[in-house]
Amino acid sequence: MKQVEPLYNWLATLEDAEADHILAAGLEHADASFVARIITTLLGRKTELAWKGLASNYDRLDDAARAQLLASDEALLRAGVAAALKSETPRHRQNALALLTEHQQPQLAHLASDALRDVLPAIRETAAQIIRASAERILAPSAAADGGTPGAPLAPEVRTIVIEALRAGLHSFDVHFRLEILEASLWFAKDLRETLWNVLGTRRSHAAYAVTEQLPAWDHPRLASFVLIALGWPSWRWSAQEVLDRWSTREQLLAILRNSDLLADPQVRDSLHVLRSPAWLAAAGSDLAELTPEDRALVPQWLCHLGYSDEDRVRVLARWRLSRYPEVQRAAIYALAKLENREALRILADVAVRPGPMMQFARWVLAGRRATAVANKGAAAASAAENAKSTSEVDAWAKS
């Protein structure tokens with residue numbers, strides 16, 4: 001001990017990277033009497049090598065030291081954990097992942113991506129669990145739609161970090177085979193759409209087989225974006241339809257409404273006709289009273305594309321047009337304007353002559369329809385005249 005003390009005191013005051021490396025290595029092997037002193041010294045140095053040593057030996061840190069490490073500068077913590085995860089010593093990598101597990105910070109999720117390729121199954125498992133937990137944390141602010149408790153909002157760039165970690169995990173699935181990555185990726189289908197198609201498009205792939213097998217167990221409102229997008233993929237249509245045909249709750253309806261932006265996608269929009277009278281739509285109540293004003297206004301546009309007959313669509317929209325909720329009235333009239341149906345036009349004509357907030361809109365729609373009809377009629381007449389002229393010229397040429 002007398003020989004070690006001067007050496008330790010010298011290293012503790014030496015501002016050199018090699019000193020950081022020696023102290024970190026010493027932390028791993030030091031006896032109990034020196035552990036606390038080395039930890040204190042490394043925490044005071046605040047260098048990447050010091051933080052690598054602390055992350056690599058996270059199991060030797062007491063609660064106070066862990067709290068001080070986790071409260072440090074994020075860039076320094078990120079660099080130290082990343083360096084520890086590249087260590088050739090499995091214990092170092094496991095300790096770094098233990099830190100990430102305890103710290104639960106989605107902005108560090110990408111650090112676990114490379115660990116999905118680790119040679120040790122236990123490390124791959126922990127890395128996958130970290131990324132999945134980060135994905136859940138990202139969804140927490142909107143958890144009300146999923147029956148959960150909203151959390152503190154996260155910066156958009158944090159969401160991007162988690163999505164990129166999932167994307168990397170999808171690309172390496174045939175290395176790690178962790179189902180946590182597949183499940184969490186489905187929750188972000190809109191962001192990962194192209195990657196998901198590349199991974200799942202061939203139903204014979206390992207990932208596609210795994211999703212097919214697990215989809216019933218994973219059934220959750222968070223799957224809404226995936227099943228809506230997959231409904232437009234021929235190889236996945238039946239599986240997606242099976243999920244959507246089972247849905248019937250308000251939480252599931254709200255999850256679908258949160259993805260109303262997908263109605264702008266022709267591939268998704270045109271595939272909705274296979275859903276005939278879905279039970280989840282009824283969860284809104286006949287007059288949509290079970291929903292918030294914002295959500296009520298979204299429902300009529302879905303009715304335009306689901307597998308109802310035009311007669312049923314117009315009948316329901318006509319009732320909603322007289323709703324006690326102004327937002328439903330407006331949305332119903334907007335939806336009627338999208339339909340190529342004589343009865344829908346009749347209702348719009350009625351709206352166009354009744355004073356009200358939608359009167360001018362109905363007039364614009366009807367004027368546009370008339371202009372289109374006139375233009376089409378003129379184009380047809382011109383085409384017929386051109387055909388007649390061409391026929392006459394051919395006849396004249398033939399007679400000559």
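H9 and H12 are roughly parallel to each other.

Some ground rules. This is a predicted model, where local features need pLDDT of at least 70 and side-chain atom pairs count only at pLDDT 80 or more, while totals for chains, interfaces and linings use all residues. Residues are numbered from 1 along each chain as its sequence is written, and side-chain values use heavy atoms, with hydrogens and water left out.

Back to the pair. Helix H9 covers residues 156-171, and helix H12 covers residues 193-200. They pack at about 15°, with axes 10 Å apart. Axes here are lines fitted to C-alpha atoms, for helices over the stretch in contact, and angles run from 0 to 180 degrees between N-to-C directions. Under 35 degrees counts as roughly parallel, over 145 as roughly antiparallel, 65 to 115 as roughly perpendicular, and the rest as oblique. H9 passes H12 in a left-handed crossing. Left-handed means the near helix is turned anticlockwise from the far one by less than a right angle; clockwise is right-handed.

Who makes the contact? From H9, Arg 167, Leu 170 and His 171; from H12, Thr 195, Leu 196 and Val 199. Contact means heavy atoms within 4.5 Å. By class, that is 3 nonpolar, 2 polar and 1 charged residues. For the classes, Ala, Val, Leu, Ile, Met, Phe, Trp, Tyr, Cys and Pro are nonpolar, Asp, Glu, Lys and Arg are charged, and the others, Gly among them, are polar.

Now the whole protein. How many helices and strands does the secondary structure come to? 24 helices and 0 strands. Helices (H or I, at least four residues) and strands (E, at least two) are DSSP runs, numbered from the N terminus. Of the 400 residues, 46% are buried. Buried is under 20% relative accessible area, exposed is over 50%, and partly exposed is in between, with a 1.4 Å probe and protein chains only. Take the contacts with a separation of 6 or more: residues 24 or more positions apart account for 66% of them.

Next, the core. The largest nonpolar core has 121 residues. Such a core is a set of buried Ala, Val, Leu, Ile, Met, Phe, Trp, Tyr and Cys residues, joined through side-chain atoms within 4.5 Å. Leu 200, Phe 226 and Trp 280 have the most contacts inside this core. Helix H8, residues 121-139, gives the core its largest share, 8 residues. Look at Trp 280. Leaving aside neighbours within four places in sequence, Trp 280 contacts Leu 244, Trp 247, Ser 248, Leu 253, Ile 256, Leu 275, Trp 302 and Leu 306.

H8 has a partner, helix H11, residues 179-187. Their axes come within 9 Å and cross at roughly 20°. So H8 and H11 are roughly parallel too. This crossing is left-handed. H8 brings Ala 128, Gln 129, Ile 131, Arg 132, Ala 135, Glu 136 and Leu 139; H11 brings Glu 180, Ile 181, Glu 183, Ala 184 and Trp 187. That contact divides into 7 nonpolar, 1 polar and 4 charged.

H11 also packs on helix H13, residues 206-218, at about 70° with axes 10 Å apart. That makes H11 roughly perpendicular to H13. H11 uses Leu 179, Leu 182, Glu 183 and Leu 186; H13 uses Ala 207, Ala 210, Val 211, Gln 214, Leu 215 and Trp 218. The classes are 8 nonpolar, 1 polar and 1 charged.

Now two backbone points. Most residues other than glycine have a negative phi. Phe 177 has a positive phi, near 55°. Phe 177 sits in the loop between helix H10 (173-176) and H11. Is Phe 177 buried or partly exposed? At 41% relative accessibility, partly exposed. Leu 288 also has a positive phi, near 65°. Leu 288 lies in the loop between helix H18 (279-282) and helix H19 (293-296). Leu 288 is buried, at 1%.

Ala 96 is in helix H7, residues 90-103. Its relative accessible area is 0%. Beyond four places in sequence, Ala 96 touches Ala 55, Val 81, Ala 84 and Leu 85. Ala 96 and Asn 57 are 39 residues apart in sequence, yet 8.0 Å apart in space, C-alpha to C-alpha. Ser 239 is in helix H15, residues 237-246. Ser 239 is buried at 9%. Not counting residues up to four places away, Ser 239 touches Arg 203 and Leu 215.
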